[in-house]
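Please consider the sequence and the three-dimensional structure shown here. The paragraphs that follow lead from the whole chain to its details.

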Amino acid sequence: MPRIQLALPPDKAAGVFADFVRAWHTKDCFILDFSSYTEPPMHDESTDDILQQSAVVSRVRIPPAQVFELMKALEAQLSAWESETKPKK
């Protein structure tokens with residue numbers, strides 16, 4: 001597997017905040033829509049649902065083969081985060 005060197009443009013270095021991500025797919029790719037809330041949640045009395053308005057702050061498309069790599073990377077980072085932030089007994 002080739003080594004990949006990433007270049008991070010200065011205007012992207014701060015990143016964007018997202019409250020949640022929606023994942024979906026087409027025949028050829030997986031799409032991740034990262035969204036942020038745009039206003040407080042509202043109660044829809046006709047359906048008893050809570051409605052949360054949000055806006056997509058970034059859409060990322062990845063090929064199916066990358067989904068496995070993404071899942072492995074997220075698991076590794078989650079495990080590292082848990083061990084770093086776990087309360088000491």
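Of the 89 residues of the protein, 9% count as buried, a term that means under 20% relative accessible area, with exposed meaning over 50% and partly exposed lying in between (1.4 Å probe, protein chains only). The model is predicted, and local features need pLDDT of at least 70, side-chain atom pairs count only at pLDDT 80 or more, and totals for chains, interfaces and linings use all residues. Residues are numbered from 1 along each chain as its sequence is written, and side-chain values use heavy atoms, with hydrogens and water left out.

The radius of gyration, taken over C-alpha atoms, is 18 Å for the protein, whereas a compact globule of 89 residues would have a value near 12 Å; the globule rule is 2.2 Å times the number of residues to the power 0.38. Along the principal axes, the C-alpha atoms fill a box of roughly 55 × 50 × 30 Å.

The protein contains one helix and five strands, in the order β-β-β-β-β-α from the N terminus on. Helices (H or I, at least four residues) and strands (E, at least two) are DSSP runs, numbered from the N terminus.

Three strands form an open sheet with the order β1-β2-β5 and antiparallel pairing; two strands pair if DSSP finds at least two bridges between them. Strands β1 and β5 (54-62) stand at the edges with a single partner strand each, so one side of each is left without a neighbour in the sheet. From one strand to the next, the twist averages 25 degrees.

How many bridges join strand β1 to strand β2? Six bridges link β1 (residues 20-25) to β2 (residues 30-37), and Arg22 has Asp33 in β2 as its bridge partner. A hairpin of four residues joins β1 to β2. On β5, eight bridges pair this strand with β2, and the bridge partner of Ser36 there is Ala55.

A search of the whole structure finds one aromatic pair. Phe20 and Tyr37 form this pair, which is tilted, at 5.9 Å centre to centre and 35 degrees between the planes. Rings of Phe, Tyr and Trp (its six-membered ring) pair if their centres lie within 6.5 Å; planes under 30 degrees apart count as stacked, over 60 as edge-to-face and the rest as tilted. Phe20 lies in β1 and Tyr37 in β2, so the pair ties together parts that are 17 residues apart in sequence. Phe20 is partly exposed at 33% relative accessibility, and Tyr37 is partly exposed at 44%.

Notes. Axes fitted to C-alpha atoms, helices over the stretch in contact; angles between N-to-C directions.
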